[in-house]
Each structure stands twice: as structure tokens, then as C-alpha cells.
Amino acid sequence: MDVWHQLCCCSCEQEEPENNPLLSSEMLQYFDQLGKRKRAQATNLWNEPADDTHMERDDDRELYNLLQKRARLRRGSEGYRRLSFDISAHRQIRREVKDRWRQILEVLGFSAEADGLLDITSTASYSSLRQPLQARQLLTALAEQTSLFDRHCSLPERYLFVLDRLLILDAGDDFLSAAQCYYPLEAEEGPPSEEEPPSQEAVLVTLSPAPQGGQEEEEEEEAAVMDEESLLVKLIE
């Protein structure tokens, strides 16, 4: 009986094992920052996604500098609002291009796959391209034969990766044909007269709404700070 009593007492006095978390707070912070970085990339739609510095292209560098300037200002100030307007204008152009691509993909029957095909992040590398020459030829043809892109800017390299994916799906030529049909090259003579019927492009295009003001501003702040950092290196240090 005494032995049983001692065993019971010993078992009661033993300390319960500590509940060690599966992930440390540093790792949780790292994954949180990765999520913010991904959202920032989706918001900014960098035209050269493989460039973490955003300095290689003039348009990316301009947007990045605007984000950096605004990050140093007090939120809600006049300067902050002015820069927010300029940033939104840059992003609206990029959203319009992406929406045109989405519309073509939906016409080709890729409604369910459109988000995945258009999702290009900073992890994209040119060495991963399966058919780089054919993708480059298609990108040039789209620029010369359609109105998918802003003709005043250089070609967005991010869509080279989209075309490479479409070539793997054997849909590259179909995409070019559909783009020529729905987004024909605009005439240089000027805007169409009032007597002309509305074009098929006007019926096809439906731009996605811009993010709500507060959330957009918060994501833009994260974009200005997060995109240029190597998060894992910072965590290790």
C-alpha cells in the first residue's frame, strides 16, 4: 500500500511537459511577411517580376519611388494623398492590361485557370521558361498586332511567363487570334466618329474594381517596404 501511495505521489508531482509550439514566433513572423509580400506583388503587378530592386525598368522604378516617398509621409496628409493618386493611376493601367488578358483567357475557356495563369511573382526566373523564343515571338506579335498593351510603354515582361504557360497548353496561337479579334490594333487616325457602331472590344472589356481605399493604402505601404527585402536572410540575421 505504501508503495502504491508513493507511486501516486511521484506521478502527481511530475511536471507536465511544456507545450512547445510547432513554429517559433520568428517563423510565424516570416510567413506573415511572405503573405504581405505576395499581396503587395499582386497589387503592384510589377512589369519585370524577376527584378526585386524594381530599378531595371523605368515604369517599375517610377512606381517604386512613389511608394518609397509616400511611406515617409504621414498618412492622410496632403502629400500622402497626392502620391496615392499617382500610385493609383500607375496601378490602374496595369490592372487594365491584366483584365484584358483575363477576358481573352475566359473566351478561350480558361475561366477557372485564369488566376493561376496570370499569377506571376518574384520567384519567376527566365531559366524556368520552357519555350522562351516562341513566347518572345508571341509577345512581340501581340504588341504589334493588338491593342492589349499601352503603346507608350515597353512590353511588360510578366506576360512572357504567361505566354510560356499557354504554349505548354498548346494555346499560344489561339490566344493571339482571339486578341486580334477582340482587341484589334487601334487606328492612328483618331477616335471613331459618333456614327460608328460600338466595337466588340467595348462590349467585352469589364474592368475589375480597384481595392477599397483603406485596404489599398495599407497594402501599398507594405509594398513599399516589403518587396525589396530578402525576408529569410533578414530573419536569419
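Where does His-54 lie? I looked this up and found His-54 in the loop between helix H2 (25-44) and H3. Helices here are DSSP runs of H or I with at least four residues, strands are runs of E with at least two, and both are numbered from the N terminus.

I noted that this is a predicted model, in which local features need pLDDT of at least 70, side-chain atom pairs count only at pLDDT 80 or more, and totals for chains, interfaces and linings use all residues. Residues are numbered from 1 along each chain as its sequence is written, and side-chain values use heavy atoms, with hydrogens and water left out.

I checked the backbone of His-54 and found a positive phi of about 60 degrees, although His-54 is not a glycine. His-54 has 3% relative accessibility, so it counts as buried (buried is under 20% relative accessible area, exposed over 50%, partly exposed in between, with a 1.4 Å probe and protein chains only).

I then turned to Asp-170, in the loop between H7 and H8. Its phi is also positive, near 60 degrees, in a residue other than glycine.

**Helix H3**

I looked at H3 (residues 58-71), which has 14 residues and reaches 20 Å from its first C-alpha to its last. That is close to the 20 Å expected at 1.5 Å a residue, the expected span being 1.5 Å times one less than the number of residues. The buried residues I listed in H3 are Asp-59, Asp-60, Leu-63, Tyr-64, Leu-66, Leu-67 and Arg-70. They cover an arc of only 155 degrees around the axis, so they sit on the same side of H3; the arc is taken from the directions from the helix axis to the C-beta atoms.

**Phe-175**

I found Phe-175 in helix H8 (residues 172-182). At 0% relative accessibility, Phe-175 counts as buried. Which residues does Phe-175 contact, leaving aside its neighbours within four places in sequence? I listed Trp-101, Ile-104, Leu-105, Leu-108, Leu-142, Leu-148, Leu-163 and Leu-166, contact meaning heavy atoms within 4.5 Å. Leu-108 is 67 residues away along the chain, and its C-alpha is separated from that of Phe-175 by 7.3 Å.
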